[in-house]
Amino acid sequence: MSYPQNVAVNGSRLWQSLMDMAQVGATPKGGVCRLALTDIDKEGRDLFVRWCEEAGCTVSVDRMGNIFARRAGRDDTLPPIIMGSHLDSQPTGGKYDGVYGVLAGLEVVRSLNDLGYVTEAPVEVAVWTNEEGSRFAPAMVSSGVFAGVFDLDYGLSRADLDGRTMGEELARIGYAGELPVGGRKVGAYFEAHIEQGPILEAEGKTIGVVTDCQGQRWYEITFTGQEAHAGPTPMTRRKDALLGAARVVDAVNRIGLKYGPFACATVGLMQIHPNSRNVIPGRVFFTVDFRHPDDSILAAMDGELRAAVAEIADGIGLDSDFQQIWYYAPIRFDADCVAAVRQGVERTGHSFRDIVSGAGHDACYLSKVAPTAMVFIPCIDGISHNEIEETTPEWVTAGCEVLLHAVLERANAKAE
């Protein structure tokens, strides 16, 4: 069943929704801080739920706190077409990362209401809990539970640096739902997102048709040496855990450069004990993030990191604890869903290019249980995970238009 081609979204309404949500957890530099399952995250969730209910959706929450806003279809027994992303942010996050995919999905629902279309299959908008992995590691944990990558107990037991678990915090803010996590059929999943990189803007393209997503490995490493007085202790007798960590930081950077141009290698978090200016550090905890679109190269990077950590620890006389806490292989998205996105671009007339995602997204895990694709729009200077992250109303509208067409194609919509 075809659908009329003169469908459109209300771009000004979508932009205003983004600006309104950006006031929840707003930071002085124009970004947001909505760490997962904080009181600020609850405020953003409550606002989204209210908007969805006002749009006539039925809202449900599963045991991982994932929110689903459902617009009924003509045949409500069909598997839903789901759009979504996340509302949580980095500590110094931007106004669009994640939230754009959520509110673009809501705008699709609102526009369908305005246009009087009823889709054959139901349409849902999803908010996935703790996509960022900033407060609770690993990232994308709740979509991972939905997809069967992690079990429920694992997801609920993830703890922040203060020892508070996701399960405890979900209950505290009132989003410990009763719906089972996953285990149901999904007709297709689409996620709209800012690119978080510079390619689209640099090439003058409005839409990125995402074909693949690179693989990732996350590590947690602890070096243990010996605290000692910074004055009387000779340099040759020190077991300086921070010196070891610094050498690993350099090794991580060298590994990333070696496997360029597509490799990414980052040390982003470090905790030093006892963290006193005149005490040689006796223990350092730090993280490593490796990414590459080729799984064999990602494995080679893994091997080199393990060898470097062992050699550095042995050379200084440190004990080391090395754990890979998260891994997923590179993803190739569903050919039919990618074609639906590309067809949406052609119908709207926007410039586009195929692109590989450098960041991880909930779509990566959803691809394990549903046909999945993504829509990228540019962000200015490619900056993301930063308070100055920015895009334009024109790009925001264009991505939502493409999302609408892709969803209608898969949901088989028609006028009432």
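Select His385 to begin: this residue is partly exposed, with a relative accessible area of 39% (buried means under 20%, exposed over 50% and partly exposed in between, using a 1.4 Å probe and protein chains only). The model is predicted, so local features need pLDDT of at least 70 and side-chain atom pairs pLDDT 80 or more, whereas totals for chains, interfaces and linings use all residues. Residues are numbered from 1 along each chain as its sequence is written, and side-chain values use heavy atoms, with hydrogens and water left out.

His385 lies in the loop between strand 17 (372-377) and helix 12 (393-411); helices (H or I, at least four residues) and strands (E, at least two) are DSSP runs numbered from the N terminus. Display its surroundings next: leaving aside residues up to four places away in sequence, His385 touches Gln90, Thr92, Asp97, Glu132 and Gln196 (contact means heavy atoms within 4.5 Å).

Centre on Glu132, in the loop between strand 5 (123-127) and helix 4 (141-146). Glu132 counts as buried, at 8% relative accessibility. Beyond residues up to four places away in sequence, its contacts include His86, Asp88, Trp218 and His385.

Finally, select Cys52, whose sulfur is 5.2 Å from the closest cysteine sulfur, in Cys57, too far for a bond (a disulfide is a pair of cysteine sulfur atoms within 2.5 Å). Cys52 is buried, at 0% relative accessible area, and Cys57 is buried at 8%.
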